[in-house]
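Reader: I would like a close look at one part of this model: the contact between paired copies. Please set it in the context of the chain itself.

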There are 6 protein chains.
Amino acid sequence: MKETILSNTDRAEVLAHALPYIQRFQGKTVVIKYGGNAMINEELKTAVIRDTILLSCVGIRVVLVHGGGPEIEGMLRALGKESHFVRGLRYTSEDVMEVVQMVLCGKVNKDITTLIQQAGGRALGLSGMDGGLFRARRFRPDGEDLGLVGEIEFVDADFLNTLLDSAVIPVISSVALGTGEDAGRSLNINADSAAARIACALKAEKLILMTDVQGILRDIKDPDSLIKVINRSEVGGLEKDGIVSRGMIPKVDCCTLALDGGVVRTHIIDGRVPHALLVELFTDEGIGTMIVKD
Amino acid sequence: MKETILSNTDRAEVLAHALPYIQRFQGKTVVIKYGGNAMINEELKTAVIRDTILLSCVGIRVVLVHGGGPEIEGMLRALGKESHFVRGLRYTSEDVMEVVQMVLCGKVNKDITTLIQQAGGRALGLSGMDGGLFRARRFRPDGEDLGLVGEIEFVDADFLNTLLDSAVIPVISSVALGTGEDAGRSLNINADSAAARIACALKAEKLILMTDVQGILRDIKDPDSLIKVINRSEVGGLEKDGIVSRGMIPKVDCCTLALDGGVVRTHIIDGRVPHALLVELFTDEGIGTMIVKD
Amino acid sequence: MKETILSNTDRAEVLAHALPYIQRFQGKTVVIKYGGNAMINEELKTAVIRDTILLSCVGIRVVLVHGGGPEIEGMLRALGKESHFVRGLRYTSEDVMEVVQMVLCGKVNKDITTLIQQAGGRALGLSGMDGGLFRARRFRPDGEDLGLVGEIEFVDADFLNTLLDSAVIPVISSVALGTGEDAGRSLNINADSAAARIACALKAEKLILMTDVQGILRDIKDPDSLIKVINRSEVGGLEKDGIVSRGMIPKVDCCTLALDGGVVRTHIIDGRVPHALLVELFTDEGIGTMIVKD
Amino acid sequence: MKETILSNTDRAEVLAHALPYIQRFQGKTVVIKYGGNAMINEELKTAVIRDTILLSCVGIRVVLVHGGGPEIEGMLRALGKESHFVRGLRYTSEDVMEVVQMVLCGKVNKDITTLIQQAGGRALGLSGMDGGLFRARRFRPDGEDLGLVGEIEFVDADFLNTLLDSAVIPVISSVALGTGEDAGRSLNINADSAAARIACALKAEKLILMTDVQGILRDIKDPDSLIKVINRSEVGGLEKDGIVSRGMIPKVDCCTLALDGGVVRTHIIDGRVPHALLVELFTDEGIGTMIVKD
Amino acid sequence: MKETILSNTDRAEVLAHALPYIQRFQGKTVVIKYGGNAMINEELKTAVIRDTILLSCVGIRVVLVHGGGPEIEGMLRALGKESHFVRGLRYTSEDVMEVVQMVLCGKVNKDITTLIQQAGGRALGLSGMDGGLFRARRFRPDGEDLGLVGEIEFVDADFLNTLLDSAVIPVISSVALGTGEDAGRSLNINADSAAARIACALKAEKLILMTDVQGILRDIKDPDSLIKVINRSEVGGLEKDGIVSRGMIPKVDCCTLALDGGVVRTHIIDGRVPHALLVELFTDEGIGTMIVKD
Amino acid sequence: MKETILSNTDRAEVLAHALPYIQRFQGKTVVIKYGGNAMINEELKTAVIRDTILLSCVGIRVVLVHGGGPEIEGMLRALGKESHFVRGLRYTSEDVMEVVQMVLCGKVNKDITTLIQQAGGRALGLSGMDGGLFRARRFRPDGEDLGLVGEIEFVDADFLNTLLDSAVIPVISSVALGTGEDAGRSLNINADSAAARIACALKAEKLILMTDVQGILRDIKDPDSLIKVINRSEVGGLEKDGIVSRGMIPKVDCCTLALDGGVVRTHIIDGRVPHALLVELFTDEGIGTMIVKD
């Protein structure tokens, strides 16, 4: 945008147009899975951090859940630890888990928290261990052993709500305390799925998954074929027809899980677009693909 | 502005630019004297109402003080009541006072309150009588008898702060309960001066007086000669030099009264500019003339 | 009463006798429709104001709803506005509505509020617009168009309860915000009916309608034929038998509406008797006619 | 009073006259030493209990401190315990102390508490031991050994204020925990003096000592010679001149102690007059002798 | 215990072992009937008081209910009052009741309260009259007239919970206000049964009855035959088989009443063992006989 | 300890002996620097965690500050990063800082938090970034450049107190946000010194530094020469005389800094002794060396 062409009155006009959107979402909870390019590219990163603070400033209850695949990858490599894969999924050995926890909670989480604090927001970095935020059991898709990979079975919504009531932004690493046989052990949780479970526990207005794609395309080669809205009941068909691509299926499944758990709207948005969060929340068209209840 | 030329990303960018201003004023109190053209022209009126709600939405504690000269004038005429003037100021007889109170509290105040409620804000219409909000004594400039004209000697800041704490927008008519000999009588208060006293009682960050002029011009015939900032200590000189025009002097005096009473910044802005409030608060340049402490 | 004949001990004795009544009503809500002679005669006015404060002082939650027919009438005349009548009811044109709102909210309401404040009570003048206190839809009895006359469909009980919790006396003008087609418009509400709706919303202990008659007389010409208590189920018969007079029917209907909405007792009392409110609440016999659930 | 001659309107009038007194004392603290005839005569007893509840009902913070000389005397006699006297004051041996505590805390205190509860008030019976309400040291006037007689050195005002905030009436036996050498022992406190100390700790508006005399008479034989008001500075002279009688001196000294400790007004009233408390608080003349700051 | 043989580390180890017990009972309510030898022997008394404070210190909500048979007996004798017995139960005449109330509320209760305060705890002595803590009706087992003996029909749990929330230890005399025909009269309540009713009202975790026996013995002559745990459903059989001794039956019945009213566990413990309370709560084996739900 | 020789009564006796210590420290704040052997040896670790929870259970406000030298060392080695040393202190390059933050916040902190949660406590892992807990500036002893080493200049005591008020145990990594030139950068803080600053900010009762030595020995070779108490004013002499060993000087300096900042007592204790914390707090002798105000 050639900013210079905008007069102050023009700018004021734009702000004034945001009012109904602000009114609509004030006091509502929005859970954002932050990841992909938007977490690597410095400019996008700054934009996400500032957008998050802005949402919080206008009274939206924002929760930020982050992954950290590339950083984990990098650290494993640096430490010369090998990963092996099971059906295309990384097996999380105890050795790997130690690195996952250390990188997510000690590096990525604290970096995001620092950025928010530095930009004038109030953030608290948390993992599932802190205050017993969440507890998980082993996750064994089709009985497959993936090592210390877990799925969340409990989220302490009261704890998060206390923070949100004081306008603190919880920044959450998707590492959980195990239960049962895994009591006392950390388990590695997929960040999209952690975000979905948190959104359910908080009865969130929106779950927003930031990705590196435009959304769901009817024809993967045609950027103009973006599907803007999908009903919950259409998801099965789209997956069967192969329109939801292989890599997109787990994200879509997180959305349906959230919808079934009481979340109002779910979004798969393009984190490569600057201020994608503001576009999603404060314009009529929004961005990416929205999956909603029927 | 040709709005269509702005993409959603452009709009998001503008919103993102507002963040530092929002952060600066969040939790601060802004007292606005609403009057003039902005209260008559329907489009400007809508803009002021929405701007006020927006400020409140982003956590600014907004108080709206209104006058109502033209409506009072109109009603006096309709009732065939004559006003006489003393040194150019309207003498407020008991008869006139009854009309003043009725029009301000019953018409103007309720109309503004209705507009805010209708646009999704939460407003409470108040006069000095309600909850004993303010008390006044007779105002006799240079001993001149102006009838039931008063000046405020007490504002119940706790009451206003309780409302502001729950994000309610107080809409205030400048009518007060008299004290001493005038106990039980209503007194007519100049709205600029009521706003200044309220700003002092609330230790406001800003007092904003909406007028129908650009601000203070060095040369009244040259619109490019706007003085953007005046220090408190310069005011005397400017008044003496005749640069502050006759009609402007009372407004400037309200500003210095507010500054001396602990208000941080005071502004004389042009209510004829759409969204003047947002321009003032959310851009670097602001609008109109600002008078500040040395 | 020749007061001088009462010794201080006699006076103390009378106060002591009031204890069981105070205990019975403490913490309970009493909604009073204030109107008629008691609002015009200066002595009666003073008595009502002081009684209201006394009730509030002993821990009763008092709400005052007022009309203002004569003042509206006077102002319409002074402004040379003509009213026309439909089936004996005044048609409220936009012109008339403007005067109704102005007189009720700006004159009558503020005068009462001033009197209470002046007598050491704490009152807050409100209309249906303030804080969105109530919303109404058009009232069209038997499909008849009465212009901007409405009936209340929502009362914000929480708002009133917050005020009552801090021992503030809400003084309420029966003007409401319209909804649907009338969104943004003020509607004129009958004050008795507004009081009844408020009493329902607050699950009041008592609804008291102040009138200029003794109550319901079995024989309208015989002041000794006052009916002290009527059961809800008897109302129909009394109306049919013509014992409830034409002018009294709407008041009695407000009482049955309140009883059906959860109010415990309803009263039609004689506002011309000094301290009628205290007589009603603090003596065994009470005053006027009481209509109660079966 | 021949009650029948009072119409309901007369009664309402009397109640209405009480308003300014209620307004004056609402939220203020009144500490009452209850004793003498008013604690023995059944009719007077009922009146005091009801008056106390009435004061509490209208928002006055009432504390009741009681003695119990006759009951103690009776129990000592029944148990065949002999008291010996030192300079006309009863020596409190350990044996006697046990009876004092038992009778005050177990009989008199619980009887009063029962009466208040039974009459619909909320009372809590307390001694100095309960919650550490007060602590005392030995009292040795002019070095004289009186055994386990103490004077209060600490009152837990916060504890009492918490009760008063919930409109509970504390009923207090003047028995205290000893300190220093007397740690763990109960000490017998003069009830007038306990009331004075409590009034100081609570910064009470009034200390009222109920006695069996009219007040301070200029001529003890002339009931018309009652002194209605004494200034603090006059007390010395009146005592020196013998106008304050021997038996009255300790009571007057409690009043001056209270005044010096911040209490606003102190009263020596005639408990034999029915509803003396109401007469004192709710009439202009009051009753008995008032000692006030200069 | 030869204490000198314990090193500080040994002591620390013992403390550390108490953690899981503390965690289990923190925030839970324990109602203790305090009586028998433990109330007479000075050493045991000191131990009970300190144990009670320790329980309160670690966050357990402790309520102490006491009897006072021997003190009442002694006072009746000292006053030369004769008791007569009905079916082995003392008949409580008005005369006797006066002594019961006086001794329990004025002597025993205040002595315990003093000891707790003196040892650094915070205790409040209460009877059923105070704050209307409990109300009772006549108790007539098999229609037998026992005079002013009552059974509790209402306990004000909110009042007790408010005290427990501030870590105050309520010390309760089992005297109650009568209702109905006995309104205004004090009734004498069996302390075990009062404790059981209080435990029900508070949904206590534990009811502990301190006695002067080991617990329930299978063979009353064989101290090694202690029954450690009894199920609710076994009680009937044990009573029928005469294993629950005559004197023990009322205590066991209090336990079953408590269990049926929602208490989790009930205990009959040996108050002659020093620190029996700590042994019960902080060791695996506990002490005495526990009766539990099936 | 041969535990079997302790009867349950013996155990209860030991618990009872702890009461006065619990009473002394309840509601007080204790800041513990956790490190050394006690963080490595599994048995000691378990003991520290349980002791910490026990302290929290009995109402002591516990803050745990941890270091993590060995883990950082190990990770640096594993990553093949070389450290260089300046005057014997490790230079913290940006590379090293990344590892420090990651290991402290992501590994050590979360491991401790997990252990506490697992043992039934409630812990929240924090770094200086979280909620802006603390801010630091560069630390340059004698102008020496140590890279990203900082010293704390601000601790948000309110934030910690809110957590402590809800009985949460804050577990704190000594990493801080930089200010000024280092704004947005993480700085490495010595954990002893972080603990001392936190203790000052909280006006702690005690600062306890866990070490791997007995305390300060008069003769370093003679374990019987432990100095149990040192006055603040003696510290200078002892350092000058070489009695405070080289390695001990920084720890002693943290103690004097804390004492000068308002902490009541400071302790250097031997973390190799099991339950050293309980020995310190719950026995008369305590453990290690205590440095106190004169």
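Author: Start with the single chain. This is a predicted model. Chain A has 294 residues, for which a compact globule would have a radius of gyration near 19 Å; the chain has 19 Å, which agrees. Its C-alpha trace spans about 60 × 45 × 35 Å along the principal axes. The chain holds nine helices and 14 strands. Of its 294 residues, 52% count as buried. Take the contacts in chain A between residues at least 6 apart in sequence: 72% of them join residues at least 24 apart.

Now the pair formed by chains A and B. Where does the axis pass?

The contact takes 33 residues from chain B and 33 residues from chain A. Three helices of chain B each supply at least two residues to the side that touches chain A: α1 (8-25), α2 (42-57) and α9 (276-282). α1(B) gives the most, with 13 residues. By class, this side of chain B has 19 nonpolar, eight polar and six charged residues. How do the two sides compare? Of the interface residues of chain B, 100% are also interface residues in chain A, so the copies meet through the same surface.

Turn to chains E and F. A rotation of 180 degrees superposes chain E on chain F, with 0.0 Å of shift along its axis and an RMSD of 0.0 Å. The two copies are thus related as by a two-fold rotation axis. Val58(E) is the residue of chain E that comes closest to that axis, at 2.2 Å by its C-alpha. The same surface serves both copies: 100% of the contact residues of chain E recur in chain F.

Here 33 residues of chain E are in contact with 33 residues of chain F. On the chain E side, the elements giving two or more residues are α1 (8-25), α2 (42-57) and α9 (276-282). The largest share, 13 residues, comes from α1(E). The side of chain E that touches chain F has 19 nonpolar, eight polar and six charged residues.

What of chain E and the A/B pair? Chain A and chain E do not touch; their nearest C-alpha atoms are 16 Å apart. Chain B does not touch chain E either, and there the nearest C-alpha atoms are 28 Å apart.

One helix deserves a separate look, this time in chain C. Helix α4 of chain C runs over residues 94-118. At 1.5 Å a residue, its 25 residues should span 36 Å; the end C-alpha atoms are 34 Å apart, which agrees. The helix still bends, by about 30 degrees at Asn109(C). Of the 25 residues of α4(C), 20 are buried, so this helix is largely enclosed by the rest of the structure. Just after α4(C), Gly120(C) takes a positive phi of about 95 degrees.

Back to the contact, in brief. In chain B, α1(B) gives the most to the side that touches chain A. In chain E, α1(E) gives the largest share of the side that touches chain F.

Methods:
Residues numbered from 1 in each chain as written. Chains lettered and ligands numbered in written order. Predicted model: local features only at pLDDT ≥ 70, side-chain atom pairs only at ≥ 80, totals over all residues. Least-squares fit on C-alpha atoms with pLDDT ≥ 70 in both. Contact = placed C-beta atoms within 7 Å. Helix = DSSP H or I, 4+ residues; strand = E, 2+ residues; numbered from the N terminus. Nonpolar A, V, L, I, M, F, W, Y, C, P; charged D, E, K, R; others polar. Rg over C-alpha atoms; globule rule 2.2 N^0.38 Å. Buried ≥ 20, exposed ≤ 12 C-beta atoms within 10 Å, placed from the backbone. Expected span 1.5 Å × (residues − 1). Bend = angle between axes of the 7 residues up to and from the residue.
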